[in-house]
Amino acid sequence: MHGYCYVVVATAVLLLLVAVLPAHGAYPDDEVIDVDVLEEGSSCHFPMTPPVVPESPEERREHYRAMEAKDLARNRQMAKGTRRRQLASSTSNSEEELNLMPAPKLMSTSATDMTELMSSTSMFEMPMQSAFTIRDVGMYLVTVLFGTPALPYNMALDTANDLTWLNCRLRGHRRHRGRRPPPKTTVSEATTKTMSLEASDPVNVTPEKVKYVKHWYRPARSKSWRRYRCSQADSCGLFPHTTCLTPNRNESCTYDTVTEDGTIARGIYGSETATVAVSGGRMARLPGLVLGCSTYEAGGAVAMHDGVLTLGNQYVSFGTVAGGHFKGRFSFCLLPTLSSGNSSSYLTFGPNPAMATGACETRLIYNPLIPAFGIHVTGLLINGKRLDIPPEVWIHDGKGGGLNIDTGTSLTALVEPAYGAVTRAITRHLDHLKKEEIEGFEHCYRWTFTGDGVDPANNVTIPKFVIEYEGGGRLDPGAKGVVVPEVVPGVVCLAFRRSPLGPSIMGNVQMQEHIWEIDHYKQVLRFKKDKCLNHNLPHLPSTTPSPTAKN
């Protein structure tokens, strides 16, 4: 395998596919080549559109309130994994002893050796759409072509989870032995635990205006789908969240996941193929992906997407399996929330030419009990002055220390005393402004944000905030990484949240306008400031082939 390839993600692209291809049409299989035969230097790219914020002040208030609930739930989920890690490793206190080596040998239908896959210099990219709206609560969306023939699905991007799944319809029946029936959820439980678009959900302000046509994955119509069985100890026996009653029965390998925010996914595991667009007007197959066929989903705005695409550090995630075909590397560039409607950026698998020079690098920390990636912080600075924060706050010791990165979390969550030190240093520059009460934020001010955060007329200069990482690399997220503009018209709020539980989490607000590259092969994270707009992309193949199948 020698080349580069990518996958299209923008909603506009998905809508175009749906409009042009009647009844969810597909790419013809005879026009698709194998990833292994790509030439050296081939490439594929897919646009990612930026986040959108509701326009009305009331919808914005509800949107940010929902965002706080989602962020807190994800924080609790990571903290729960950290506590499990502490109990499992009670005799060890060092990061080295607690560290998980990445990318173990992958489960796939192919017999290709992992070391051969990891030596490839190929690359592919997937377009991503940022959906910073009340219905999607700050999640970025990616469109991926799954199955044979290949069909497009709009999926939420998640760097802190392991199970990639699609909304699924099985032929003949929907339930399998080994899976619990859906829980009976009361109205009060739905209100406090979920963010789905239900009548009882306070997050849903105007449900009648939110419409999304679901694209159901139907494994019976895919020639490349192969379900895993409970008897397969070397695959199903190692998958997370499995609910097989016995390991030796020839039943479907089932899973059941429930997160703290009420998001539920239940179904069966299978191996599937994705199709990616490559330069020269061709499409290529990416086989051996672990895919969940979810026959029951609830919560977490599941009504507004077709599934979840995971980039977490566990061996079953899409990021690890797909990255194994492309030298163990993937990268993404997140456009800011208030970008223009025609902007786009990319999720890339393989070497990213934009990262060839000028990137900072720091060591990745792998947690064996949670899929999120950890990085080691050596300090926080405000206007060049290092804040007085105890170093143990940043140690990944299994006791709530350290910093994880998560594209599914919006605001950066800091534990004390880091949160207090940061907010005190920033609010000194803003406390002369009128304070506002906005649910979901602790510090908000009546001020209209200017382009660079400098407003002499109102004596406002947003201070420079810098995160310093092990190895000396420094992240400067800019003024929009310090305050969130226009939470409601004429009001800004600090882009940080107090976290009652560790580890701290860097959310996507501070990751915007940077390229982030995960390199499993070298176990490092690279990052580089980038507007996500200036990539020199080659000609891409048409994304509107003749329909050959119906869903």
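A: Rings of Phe, Tyr and Trp are taken as a pair if their centres lie within 6.5 Å. In this predicted model, Phe146, Phe318, Phe330 and Phe349 form one aromatic cluster, and the count of aromatic pairs comes to 14.

Q: What is the geometry of the pair formed by the rings of Tyr217 and Trp225?

A: Planes over 60 degrees apart count as edge-to-face. The ring centres of Tyr217 and Trp225 are 5.8 Å apart and their planes stand at 65 degrees, so this pair is edge-to-face. Tyr217 is buried, with a relative accessible area of 1%, and Trp225 is buried as well, at 9%.

Q: Which parts does the pair of Phe239 and Tyr269 tie together?

A: Phe239 and Tyr269 make a tilted pair, with 4.6 Å from centre to centre and 50 degrees between the planes. Because Phe239 lies in the loop between β7 (226–227) and β8 (254–258), while Tyr269 belongs to strand β9 (residues 264–278), the pair ties together parts that are 30 residues apart in sequence. Phe239 is buried at 4% relative accessible area, and Tyr269 is buried at 0%.

Q: Which residues have the most contacts inside the largest nonpolar core?

A: Such a core joins buried residues through side-chain atoms within 4.5 Å. The largest one here has 77 residues, and those with the most contacts inside it are Phe146, Leu380, Leu430, Ile462, Tyr469 and Met506. Helix α7 (residues 418–427) supplies the largest share of this core, six residues. Leaving aside residues up to four places away in sequence, Leu380 touches several others, including Trp394, Val422 and Phe465.

How values were computed:
Residues numbered from 1 in each chain as written. Predicted model: local features only at pLDDT ≥ 70, side-chain atom pairs only at ≥ 80, totals over all residues. Heavy atoms only, no water. Buried < 20%, exposed > 50% of the residue type's maximum accessible area, 1.4 Å probe, protein only. Helix = DSSP H or I, 4+ residues; strand = E, 2+ residues; numbered from the N terminus. Contact = heavy atoms within 4.5 Å. Phe/Tyr/Trp six-rings, centres within 6.5 Å; stacked < 30°, edge-to-face > 60°.
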